[in-house]
Each structure stands twice: as C-alpha cells, then as structure tokens.
Amino acid sequence: TSPQGICACLSCCSPLLEVVCKLTGCLEISWPLFVFFSSDIEISRAQSPKAVDVLAKEIGLLTDEIEIYGQTKAKVRLSLLERLKDQPDGKYVLVAGITPTPLGEGKSTVTVGLVQALTAHLNINSFACLRQPSQGPTFGVKGGAAGGGYAQVIPMEEFNLHLTGDIHAITAANNLLAAAIDARILHENTQSDKSLYNRLVPVVNGMRGFSPIQLARLRRLGISKTDPETLTEEEISRFVRLDIDPSTITWQRVVDTNDRFLRKITVGQANTEKGFVRQAQFDIAVASEIMAILALTTSLQDMKERLGKMVVANDQKGEPVTAEDLGVTGALAVLMKDAIKPTLMQTLEGTPVFVHAGPFANIAHGNSSVLADKIALKLVGENGFVVTEAGFGADIGMEKFFNIKCRASGLVPSVVVLVATVRALKMHGGGPNVTAGAPLKKEYTEENLQLVADGCCNLQKQIQITQLFGVPVVVALNVFKTDSPAEVDLVCKIAKESGAFDAVPCNHWSAGGRGAIKLAQAVEKAANQKNSFKYLYSLELPIVEKIRIIAQKVYGAQDIELSPVAQSQVDRYTRQGFGNLPICMAKTHLSLSHQPERKGVPTGFILPISEVRASIGAGFIYPLVGTMSTMPGLPTRPCFYDIDLDPITEQVKGLF
C-alpha cells in the first residue's frame with residue numbers, strides 16, 4: 001500500500017519498476033533496484049531517446065549542419081566550426097584513471113554520469129566526447145564502451161555495433177593502401193620502365209596526361225615537366241620505380257576483430273603473384289595509423305595531407321616511401337570523407353554526446369577526436385564543459401592526451417578527473433588476481449581497509465603523474481555495492497592528502513546524473529583554479545631522450561634499453577628528419593611497468609624497447625615496449641557466447 005511496498009513487490013519485474021516508482025514518487029528506491037535487476041541493454045532500451053533532429057536543435061545546430069542516420073544518430077558537418085569561430089570555448093575536462101583491472105574501472109560511466117549531472121541536474125551546458133568502440137573487445141572480453149547502468153549512451157547497441165561505419169571506412173582505406181604496396185612491387189618486378197610508364201600514364205582518346213597526384217610526384221622528384229612525351233628515359237625510370245624494399249614494409253592490413261592467428265601470415269602464395277612471397281601481419285583496425293589521423297586531424301585538408309605523408313616502407317636507398325608516392329592519397333580521402341564528421345548521440349538523460357574515432361590507448365594514442373572536442377567546446381559556450389575520456393590509466397591515455405593530442409589541437413585542459421575503484425586499489429594492494437569472467441575473490445567483496453590503504457600507492461602515483469602537467473585533479477571514486485563506507489572514506493582521505501583538489505564518491509551507475517552531482521560541483525570549482533599546463537618534454541630532444549623521460553617520470557623506470565633493431569630504427573627516423581615528433585608508447589595498460597603482473601607502483605625496472613615505428617601522417621614515433629602485440633586474441637569464453645538476436649522483435653540481446 002505504500003510506494004516502498006509497491007517497489008519491493010515489483011523488484012522481480014524490473015522493466016515495470018521505473019515507471020511504477022515514478023508514478024508513486026519513489027524515485028530514491030527505483031533506480032538502484034532497477035539497475036540491480038536489469039542489464040545495461042535493458043536499461044538503455046527502457047528509455048526512448050529523443051529524435052536526433054530535436055537534440056540537434058536543442059544544442060544549437062542548424063538543419064543543414066547535420067546528416068541524419070536513422071532516428072538517433074547524425075553526422076555533424078565541419079562547416080559548423082567556421083560559423084562559430086568567434087564563439088569562446090568552454091571548459092575542457094579529461095577523464096583518466098588509475099591502472100585498471102582487466103574489467104575496467106568505469107571511466108566511460110564517469111564521463112557520462114558527469115555530463116548528465118552538469119546538464120540535466122545543474123543546468124550547465126555540457127558535452128561528452130567518447131571514442132567509438134572496436135568490435136574486438138565488444139565481442140572479446142571487455143564488452144562495449146557506452147558506459148553502463150544509468151550512465152550510458154543510448155541506444156547502446158547502435159553505439160557499440162557499426163555506429164555510422166567509421167571503423168569500416170578506416171579498414172577499407174587501410175587495406176586499399178596495403179594492396180597498393182604489394183601490387184606496385186609486383187608490377188615493378190615484372191615490367192620494364194617503358195611498360196610501366198605506358199600503363200601508369202596511358203593514352204586516352206589519343207591524348208596522354210599526368211593526373212594531379214602524378215604531377216605532384218614529378219615535382220617532388222625535381223622534374224618540372226608536365227608533358228608526358230618530353231620525359232627522358234632516366235626521368236621515366238625515376239618516375240615509375242618506387243623500388244620498395246619489401247623487408248622494410250611497415251604498413252599492415254587490418255581487421256576489426258580479435259584474431260590471434262593473423263599476427264603473422266604469408267602473402268603472395270598464389271601462382272599469379274609470380275613468386276613474390278613475404279611475411280606480413282594483420283593489426284586490429286583501431287591500431288591503424290588512419291584511425292590516429294582521424295583522431296588528430298583538424299580539417300579535411302589537414303586529413304588529406306596527413307594521409308599523403310604516411311610512410312609505408314623504405315626504398316632500396318633507405319629513403320621513405322609514402323602513400324602520396326603510391327598515388328593513393330585522393331582515394332583514401334574519398335573513403336574517409338564521411339568518417340571525418342563526428343557522430344551526435346545522447347545519454348540516457350538526453351544530454352549530447354559526440355562519438356568519434358577509437359584508437360586504443362595501449363597500442364595507439366587512446367583519445368577521441370580533436371574535431372569532436374573543438375566543435376563541442378564551441379557549442380557549450382564559455383561557461384559550459386566538454387568532458388572527454390582517455391583510455392586506460394593516466395600513465396597511458398592521459399600522458400598521450402597531453403603530449404600528443406593537445407599539441408595537435410592547441411587546446412588546454414582545465415581539469416583532470418581521475419577515476420578509481422576500491423576493487424582496483426585492493427588489487428594494487430596485494431589482492432588476488434582479477435580475471436574477466438571469473439567471480440571476484442572474497443577480498444574484493446568484503447571490507448579490507450589494509451588492502452585499500454596499501455593499494456592507494458597506485459592512486460597517489462597517478463595523481464603525481466597528473467601534477468607533472470600542471471592541471472588540477474579531482475578523484476572520482478566509482479562506488480560499487482560491495483564497497484564499505486569506511487573503504488570509501490579512506491580512499492577519499494588519502495587522495496586529498498596526496499594532492500587531489502577534491503575526491504568524491506560517485507553513484508552514477510545506479511543513480512544516473514543525480515549520483516554524480518557532487519563530482520560535477522567539484523569539477524566546476526577545480527576548473528576555476530590556477531592552471532599551469534605544460535608538456536612533459538620538448539619536441540627538440542632526441543627520440544631516445546623523449547622515450548627515457550616518459551619511462552622515468554611517468555612509469556617510474558630506472559632506465560630504458562633499446563634492442564639493436566629499435567636503435568637502428570631510431571637512427572633511420574632521425575636521419576630521415578622525423579626526430580622532432582612526439583612519442584606514442586605501446587605498452588601494457590595493466591601495470592605501470594612493462595610486466596602486467598607487477599601491480600602497485602613498480603620501481604627499479606629497465607623498460608625494454610623492442611621496436612620503434614613511425615606514424616608520420618599521424619605525427620608521432622611509436623615505440624613498442626617488450627612483447628606488445630597490435631592484434632588482440634579471443635579468450636576461452638568470449639562475450640559473443642551471450643550475444644544474440646531475437647528474430648521476432650529484431651532486438652539485440654547480451655551486449656554490455
């Protein structure tokens with residue numbers, strides 16, 4: 001007969017619970033119970049999102065500035081930046097985290113919960129900018145990346161599956177370039193200069209002419225002629241032959257699936273390839289340099305220039321060969337022309353979200369796009385907030401956000417929100433291993449203040465890393481139902497004593513934006529603090545010294561050790577003029593060190609650099625630490641066991 005009684009009776013009928021609780025005024029009880037008995041996808045489906053054209057109008061977009069995909073998604077045109085160029089930017093907030101367990105600690109849910117609190121509850125303009133999830137973890141171990149509970153992007157199945165096809169466009173562009181490399185080597189190996197020239201510059205309707213990209217190649221070669229009939233034999237030979245050294249090819253094919261058996265492959269075994277056989281590999285699609293370019297570009301022209309600069313191999317003289325040399329830049333830009341536009345979606349509480357780009361943070365730079373951030377900062381206005389998220393721990397995604405993304409964008413962050421959980425802190429304090437798919441041990445479900453206190457060393461280290469960049473940090477403790485009040489209080493106390501501007505328990509997963517109001521208030525206050533943002537290193541330093549600074553100051557390493565292969569690669573990139581680029585470390589996210597099993601704050605270790613690659617189009621040098629792989633594998637029991645489709649309703653089941 002009471003609201004509480006009705007809620008208790010309906011606790012086993014979760015789809016009806018929220019409605020009944022709202023009708024009876026029992027909102028305080030409805031949300032936690034509904035979350036407890038419902039999956040993320042059920043919660044997402046229980047809310048009907050507003051039409052995307054309505055959302056666009058609410059946030060100030062004009063009709064001709066959006067391209068609608070279905071009812072709930074829209075691409076936003078870059079022309080908006082020109083219209084709002086005189087509008088002051090809002091505050092810029094980065095959500096990072098401590099070193100996570102394999103389960104993740106909830107940075108996406110914190111990001112969504114924070115913007116819901118700011119806009120839906122405090123009436124402050126805000127925007128979330130998130131990465132598009134890869135199909136790899138969605139069907140592998142970690143699941144999707146829409147957030148969870150009452151702090152998620154909806155519809156979550158559309159967010160996690162295909163979205164507007166950006167990753168597919170990247171895959172197509174990447175693999176077109178890979179095909180062009182092998183095809184060019186084959187044709188150069190099997191044809192004379194004259195035959196190559198006749199095919200590359202064919203006679204059409206009695207006329208022979210260079211394409212614009214071929215004229216650009218001639219200019220790079222120092223040949224000023226524009227009439228194909230006037231080239232000398234020596235000039236023809238220089239023009240038609242790239243002389244790619246197959247042993248130096250760094251451009252790999254990609255697929256957006258965790259497939260360990262593609263880590264090493266052999267290509268060219270068919271008779272039609274005339275004996276041109278070489279070892280190669282597949283990377284996961286989000287590790288493609290084209291994904292990094294999408295995330296870092298500032299315009300369509302900038303993207304096209306970056307695509308052309310991508311170095312795919314060296315020639316027999318040791319000089320770099322680029323996508324522009326292969327004549328494929330324009331085609332790549334065509335494949336990417338829609339992907340460059342951010343996708344507009346919304347949170348469960350109707351606040352706006354941009355979903356754009358999705359590089360992993362352990363094998364790429366791990367941040368959503370510069371363009372999404374720039375557009376959002378204009379839309380929220382001077383007093384608004386844009387909240388974006390960096391992958392994995394602050395030592396991984398945040399370091400790259402500051403040293404790579406902020407250099408590319410010119411934007412200065414206002415606040416860092418550092419996400420922690422009692423679960424992860426207990427692991428760093430000496431708790432048993434946390435394994436995806438396995439039940440948590442009792443140490444994680446029962447109060448243990450000593451484990452928490454011991455594990456706070458990792459939190460303290462991540463706060464110190466943030467302070468290296470001169471930005472105020474607010475700790476967001478993502479509270480689970482098994483956390484005791486004493487554990488929560490202890491973490492917040494230690495965080496504040498360790499230099500955090502504030503430390504706030506958050507219940508956004510179970511209560512939505514309402515559960516992150518205190519976090520939003522703390523972030524608003526921190527954004528008004530003095531900001532002395534600075535980069536960690538100068539780009540003018542040698543490549544090895546920049547790697548050493550990151551290893552010692554961020555990871556806590558004693559020193560670094562380059563393999564002979566890595567040292568020769570560094571020497572070559574320096575000789576080729578690429579030494580003044582920032583560094584994008586490829587390292588495990590499960591430890592501050594290169595050894596995933598070393599938790600807490602490891603010290604005294606030597607960081608091994610096994611290989612160094614160059615992503616010249618994206619604009620960074622890419623050292624691989626230890627045995628880091630750029631193609632994940634599937635576990636014994638992947639997420640796909642639980643994913644299904646109802647053939648009657650066409651509804652997706654089992655996503656999380």
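**View 1. Cys456 and its closest cysteine sulfur in the predicted model.** The sulfur of Cys456 lies 8.0 Å from that of Cys457, the closest cysteine sulfur, which is too far for a bond. A disulfide would need the two sulfur atoms within 2.5 Å. Cys456 is buried, with a relative accessibility of 1%. Cys456 is also among the residues of helix H21 that meet helix H22.

**View 2. Cys584 and its closest cysteine sulfur.** For Cys584 the closest cysteine sulfur belongs to Cys406, and at 14 Å the two are too far apart for a bond. Cys584 counts as buried, at 0% relative accessibility. By the cut-off of 2.5 Å, the number of disulfides comes to zero.

**View 3. The contact of helices H21 and H22.** H21 spans residues 449-467 and H22 spans residues 485-497. Their axes come within 10 Å and cross at roughly 30 degrees, and the crossing is right-handed. On the H21 side the contact is made by Leu449, Val452, Ala453, Cys456, Leu459, Gln460 and Ile463. On the H22 side the partners are Ala486, Glu487, Leu490, Val491, Ile494 and Ala495. By class, 11 of these residues are nonpolar, one is polar and one is charged.

**View 4. The largest nonpolar core.** This core has 86 residues. The members that touch the most others are Leu344, Phe354, Phe402, Leu459 and Leu607. Helix H25 (residues 543-555) supplies the largest share of the core, eight residues. A second, separate core has 58 residues, including Ile249, Leu262, Leu307 and Leu624. In soluble globular proteins, nonpolar side chains tend to be buried together.

**View 5. The surroundings of Phe354.** Phe354 is one of the residues that touch the most other members of the largest nonpolar core. Neighbours within four places in sequence are left aside here. Phe354 is then in contact with Val76, Phe127, Ala128, Cys129 and Leu130, among others. Its contacts also include Pro342, Thr343 and Leu344, as well as Ala372, Ile375, Ala376 and Leu379. Leu344 is itself listed with Phe354 among the core members that touch the most others.

**View 6. Asn314 in strand E13.** The strand covers residues 311-314. Asn314 has a relative accessible area of 5% and is therefore buried, the limit being under 20%. Not counting residues up to four places away in sequence, Asn314 touches Asp243, Ile244, Asp245 and Thr248, among others. Its contacts also include Glu319, Pro320 and Val321, together with Arg572 and Gln576.

Terms used. Residues are numbered from 1 along each chain as its sequence is written. This is a predicted model: local features need pLDDT of at least 70, side-chain atom pairs count only at pLDDT 80 or more; totals for chains, interfaces and linings use all residues. Side-chain values use heavy atoms; hydrogens and water are left out. Axes are lines fitted to C-alpha atoms, for helices over the stretch in contact, and angles run from 0 to 180 degrees between N-to-C directions. Helices (H or I, at least four residues) and strands (E, at least two) are DSSP runs, numbered from the N terminus. A crossing is left-handed if the near helix is turned anticlockwise from the far one by less than a right angle, and right-handed if clockwise. Contact means heavy atoms within 4.5 Å. Ala, Val, Leu, Ile, Met, Phe, Trp, Tyr, Cys and Pro count as nonpolar, Asp, Glu, Lys and Arg as charged, and the others, Gly among them, as polar. A nonpolar core is a set of buried Ala, Val, Leu, Ile, Met, Phe, Trp, Tyr and Cys residues joined through side-chain atoms within 4.5 Å. Buried means under 20% relative accessible area, exposed over 50%, partly exposed in between (1.4 Å probe, protein chains only).
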